[in-house]
Amino acid sequence: SSTYEVLRKVKISSESRLNIKTKIIVKAKKFYREIKVVDPLSIAVKQVYSVMQELEKKYDVIVSCSDPKSSHLLAQTVMKKGVCCKKYVQFWGDPLLNDISRDFKIPRFMVKREEEKLMDMATLVFYVSPYTLISQKKTFKKYGKFMDCLLPAYKAERISEPVTNVKTIGYFGDYYSSIRNIIPLYEAIKDSEYEFVLYGQSDIQLESSSHISINGRIPREVIVKKEDAVDLLVCLCNSSGTQIPGKLYQYAATNKPILVINDGEIDLKDQFGHYGRFLFVDNDVDSIKIILNKIRESDFSELTPLYDFSVASQIEEMKRKLEV
């Protein structure tokens, strides 16, 4: 913890960016995160004593939600210090051991052991992807009976002008090559007449053109306006792993057509096709070209937000599963 504190407080100026000392510090920070199973914010758990007097001695339900994973550690620490509850519920975004975005520099059994410790006191563990739930039950058989799935929920509907003719397409999100393959979509649109806007960070460089606008990451409040301005929203699945991009649930709050590009180990059409609310396609150039041609001839003016993905719906589902 003290090591991380020292690294965290180091300020890197633009003038010293190429300095050897600076490079060493940056690499040290990266290495620390790779060997730290639970996120570095776990050091803050030591300060829990400062808020203990503000807590009740007993609750019906205590909930911890990641990310950060240290939120689960905080909840456990509070309970170990005397706060009781009838049920302790955990919500997980990405898991630890099976998270494709993390490359640990320590043995996998050590990561698994830490994840088991985080789940050990939970009454119920929720995951946001049914595919992750299946994977976690196989990996952690001891805790499988306590695991369930609860979908991420949108807070409010986002109603725009009905889409009768798709002219503009938008992809909003990062697209690092190790996680998502955006090249087939880019190549398919490059040969089309659609206007395409992209906002996000990546390790690959795509070129803008007369009808393609490539941009970096922008603030969330600006992103929403950009999303509202396009006719078709794109949700690109990960190349591997079991997690479902959060965009799918966020876009369910809109009345716009949503193109879900399947990739990797899972086929979202199996899970969400029955809603009749999404357009599904495999992540290859020819398949995307075919569906883009079909979309051009389609009228989407009758689309509405999906209630099943709303906060109200998911609260009802959680109450049923918790029986409270």
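Where does D67 lie? D67 is in the loop between strand 1 and helix 3; helices (H or I, at least four residues) and strands (E, at least two) are DSSP runs, numbered from the N terminus. The model is predicted, so local features need pLDDT of at least 70 and side-chain atom pairs count only at pLDDT 80 or more, while totals for chains, interfaces and linings use all residues. Residues are numbered from 1 along each chain as its sequence is written, and side-chain values use heavy atoms, with hydrogens and water left out.

**View 1. Two cis peptide bonds involve D67.** The bond from S66 to D67 is cis, with omega near 15 degrees. The bond from D67 to P68 is also cis, with omega near 5 degrees. P68 is found in the loop between strand 1 and helix 3. Most peptide bonds are trans.

View 2. Strand 3 (residues 124-127) is joined to strand 4 by three bridges, and the two run parallel. V125 has M147 in strand 4 as its bridge partner.

View 3. Axes are lines fitted to C-alpha atoms, for helices over the stretch in contact, and angles run from 0 to 180 degrees between N-to-C directions.

**View 4. Helix 3 packs with helix 4.** The angle between helix 3 (residues 70-80) and helix 4 is about 50 degrees, and their axes are 9 Å apart. Helix 3 is therefore oblique to helix 4 (under 35 degrees counts as roughly parallel, over 145 as roughly antiparallel, 65 to 115 as roughly perpendicular and the rest as oblique). In helix 3, H72, L73 and Q76 meet K117, L118 and M119 of helix 4.

**View 5. K46 lies in the loop between helix 2 (20-35) and strand 1.** K46 counts as exposed because its relative accessibility is 57% (buried means under 20% relative accessible area, exposed over 50%, partly exposed in between, with a 1.4 Å probe and protein chains only). K46 and L74 are 28 residues apart in sequence and 8.8 Å apart in space, C-alpha to C-alpha.

How values were computed
Two strands pair if DSSP finds at least two bridges between them. Contact means heavy atoms within 4.5 Å.
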